[in-house]
Amino acid sequence: MPRTPHVLAIQSHVVFGHAGNSAAEFPMRRVGVNVWPLNTVQFSNHTQYGHWTGQVLPPEQIPALVDGIAAIGELGNCDAVLSGYLGSAAQGRSILEVVRRIREVNPRAVYLCDPVMGHPEKGCIVAPEVSEFLLHEAAAVADYLCPNQLELDSFCDRQPTSLEDCAAMARGLLVRGPKAILVKHLNYPGKPADAFEMLLVTLDETWHLRRPLLAFPRQPVGVGDLTSGLFLARLLLGDDLRTAFEFCAAAVHEVLLETQACGSYELELVRAQDRIAHPRVKFEAVKLG
Ligand SMILES: Nc1ncnc2c1ncn2[C@@H]1O[C@H](COP(=O)(O)OP(=O)(O)O)[C@@H](O)[C@H]1O
Ligand SMILES: Cc1ncc(COP(=O)(O)O)c(C=O)c1O
Ligand SMILES: [Mg+2]
């Protein structure tokens, strides 16, 4: 029987609704991956509501919790680290230290960094020190980097002129160390208005994928966290990069269809669970260049 992969997932938790680990944990488990959630914050709800209560995990708790897992002899069973929203560069550095410790006991362990920088127009901005940390420190350690367009622009300090330029910008990040860049959400001059597009870039290949853009009264939150979690889960279950890319696009689209049909603001992860595990839609990635 194949072993169930284990992922240490270090990101936010919301009591109500879905963002961060609360968007990624259940879907990753539903497709067959064991998740160890390490919650960097516990908030009542995601911050797009404008009001929330709760607490940030004191930074020293990240190594302390990992010490506890090491002490019971389980750290070597960790196959991957996933990180999302960071409260500070110091929190980010403690995550890189955790990755280093895990690779010491399991050299095959991988690290997927979702370089969450927030949406300025949504009133969610990450401190410049966090962006600097992601570009100069985290990218060098990560196996997979999953920016959206805003995050890619911030890394490259410019906006793309075309789809090919988006690919060139992502390819430029590969020299910093990652094996692959997943651009979870593309925006460039000339993009068809009715499409939601993504890119997967490796040293040898560039894959482009298009799915229908759905209309929502308010944009759902947690889609990025769901995307990177499912991409990593499928890689750990043995998919090649292209297959994991196509799978996460299809599964996320299924969740959005369910969410739209229910008229919900929060992602309908529970109702969509069978569609996550076995997407009925299929989007084919097309090779560029
Ligand atoms: N097919 C789709 N139709 C409409 N909106 C979508 C679709 N897929 C994703 N979205 C929305 O697009 C945005 C995705 O943004 P992205 O930058 O990838 O991730 P996030 O902001 O969730 O980290 C989110 O606001 C999400 O709700
Ligand atoms: C607590 C929390 N975590 C994570 C996120 C990121 O969500 P998304 O995947 O939409 O970027 C948000 C967005 O508002 C949030 O409030
Ligand atoms: Mg995001």
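This is a predicted model: local features need pLDDT of at least 70, side-chain atom pairs count only at pLDDT 80 or more; totals for chains, interfaces and linings use all residues.
Trainee: What keeps cysteine 166 from a bond with cysteine 156?

Mentor: Again the distance: the closest cysteine sulfur to that of cysteine 166 belongs to cysteine 156 and lies 9.5 Å away, too far for a bond. Over the whole structure, the search finds 0 disulfides.

Trainee: Why is cysteine 78 called buried?

Mentor: Buried means under 20% relative accessible area, exposed over 50%, and partly exposed in between (1.4 Å probe, protein chains only). Cysteine 78 has 0% relative accessibility, so it counts as buried. Cysteine 166, also at 0%, is therefore buried.

Trainee: How many aromatic pairs are there, and why is that of phenylalanine 43 and tryptophan 52 called tilted?

Mentor: The count is 4 aromatic pairs. Rings of Phe, Tyr and Trp (its six-membered ring) pair if their centres lie within 6.5 Å; planes under 30 degrees apart count as stacked, over 60 as edge-to-face and the rest as tilted. The centres of phenylalanine 43 and tryptophan 52 are 5.8 Å apart and their planes stand at 35 degrees, so this pair is tilted. Phenylalanine 43, at 16% relative accessibility, is buried, whereas tryptophan 52, at 39%, is partly exposed.

Trainee: What makes the pair of tyrosine 49 and tyrosine 265 edge-to-face?

Mentor: Their planes meet at 75 degrees, with centres 5.4 Å apart, so the pair is edge-to-face. The two residues are 216 residues apart in the chain. Tyrosine 49 is partly exposed at 30% relative accessibility, and tyrosine 265 is buried at 14%. Ring pairs also join Phe16 with Tyr49 and Tyr265 in a cluster.

Trainee: How do you know that the charge of arginine 218 sits over the ring of tyrosine 265?

Mentor: The rule requires NZ of Lys or CZ of Arg within 6 Å of the ring centre and within 35 degrees of the ring normal. The charged end of arginine 218 is 3.7 Å from the ring centre of tyrosine 265. Arginine 234 likewise lies over the face of phenylalanine 247, at 4.2 Å from the ring centre.

Definitions and conventions:
Residues are numbered from 1 along each chain as its sequence is written. Chains are lettered from A and ligands numbered from 1 in the order in which they are written. Side-chain values use heavy atoms; hydrogens and water are left out. A disulfide is a pair of cysteine sulfur atoms within 2.5 Å. Helices (H or I, at least four residues) and strands (E, at least two) are DSSP runs, numbered from the N terminus.
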